[in-house]
Amino acid sequence: MTLRELFIGADARPHPPLRIVLFLVLFVACLIVVTLGLGPVLESIERISGVSGAASAYGATLALLLAHWMTLRTFDQQPWSFVWMHKAAARPRLLTYGWLLGAVPIGIASLALVGVGLLAVMPSPPGSWLLTAVQTLVLLVPAAFYEELLSRGYVFATLGQWLGWRWAVLLTSVAFGLLHLGNPGATPVSIALVTLAGVYLAAILLATGSLYAVWMGHWAWNWIMAAALHVSVSGLPLSRPDYQIVDAGPDWITGGQWGPEGGVAAAAAMIGGLAFLRKRVLGSGSWALGSQRHLSGTLSPELTTQGPEPKAQSNDQR
């Protein structure tokens, strides 16, 4: 074996592990460039919006988008459909579908807990609900996007083609859970449930063929908790004007400090969502369908308005 063969495959691309490492190195380099070059602009967004953490969220999103663009255009030479970010993946119907797949499970789980008295609605200092809703929007939209780009973008796609989709789901979901270890109130149970959330989000990706739909689902899940329910999001307390929903039951059910997504009720809702996706979208094809759509850059036929999946065409690329 020559030195070239050690790093470069027969397809003239670096071997998958090296491609993933190169992508992550590019991400770090882009993050440094974005922070140095756009730091004042990003800080002004945070200052004007009054949302702590907004600068970091927007900076990470820009860096990851740059890293994806550079990776796909240089050593991997792939279209945007490789990471489910081609134009067809941004159809309004898909975005709405993804949003509902995120909002409905956590909304049902939380309201059910309120209904049986395990979560209680309590008054809080007065303020502007609309302002808080907009501020959480400013923070949670980019935060959800960069987490999806990192967890279910290029790394997920490469792992899927290299090791298979089950391994891609498992490895990225475990990494997704571990990324939340530093959040306030993190416990083994809460991290396990974030890992399950990673599996659920990966299922949405494989079912829809759209990273944008997964982004919408991730954002909707967090926004419903922060803006509508006024509860913690992954242990992070946000502004709660006028009212708040507080823990009134066992932490293993309600999530305790972590918020409803850290309890068994949310786990049951996600398992229900997985069952729905398997029955209505994935059918009996399991993760194999994700592989086929990934290779062709097409979407789930159940989510298109044109019936059967279209053949992949070059104009799917941006």
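1. Surface first: in this predicted model, the protein chain exposes about 14500 Å². Carbon and sulfur atoms supply 69% of that area. As for the interior, 51% of the 318 residues count as buried.

2. On the overall fold, the protein chain has 12 helices and 2 strands. Reading from the N terminus, the order is α-α-α-α-β-α-α-α-α-α-β-α-α-α. Among contacts with a separation of 6 or more, 73% join residues 24 or more positions apart.

3. Buried residues of α3 include Ala54, Ala57, Gly59, Thr61, Leu64, His68 and Leu72. Where do the buried residues of α3 pack? Their partners are α2 (16-49), α5 (129-152) and α6 (154-163).

4. Two of those partners, α2 and α6, also pack against each other, with axes 10 Å apart and an angle of about 175°. Because angles over 145 degrees count as roughly antiparallel, α2 and α6 are described that way. On the α2 side the contact is made by Pro16, Pro17, Arg19, Ile20, Phe23 and Leu24, and on the α6 side by Tyr154, Val155, Thr158, Leu159 and Trp162.

5. Which backbone oxygen does the side chain of Thr136 reach? The oxygen belongs to Ala133, at 2.8 Å. Leaving aside residues up to four places away in sequence, Thr136 touches Val141, Trp223, Ala226, Ala227 and Leu238.

6. Is Ser239 buried or partly exposed? With a relative accessible area of 41%, Ser239 is partly exposed. Beyond residues up to four places away in sequence, Ser239 touches Thr132 and Ala226; Ala226 is also one of the residues touched by Thr136. Ala227, another residue that Thr136 touches, is 12 residues from Ser239 in sequence, and their C-alpha atoms are 8.6 Å apart in space.

Terms used: Residues numbered from 1 in each chain as written. Predicted model: local features only at pLDDT ≥ 70, side-chain atom pairs only at ≥ 80, totals over all residues. Heavy atoms only, no water. Helix = DSSP H or I, 4+ residues; strand = E, 2+ residues; numbered from the N terminus. Buried < 20%, exposed > 50% of the residue type's maximum accessible area, 1.4 Å probe, protein only. Contact = heavy atoms within 4.5 Å. Areas by Shrake-Rupley, 256 points an atom, 1.4 Å probe, with all protein chains shown as cover. Polar contact = N/O pair within 3.5 Å; in protein donor to acceptor, adjacent residues only side chain to side chain. Axes fitted to C-alpha atoms, helices over the stretch in contact; angles between N-to-C directions. Parallel < 35°, antiparallel > 145°, perpendicular 65-115°, else oblique.
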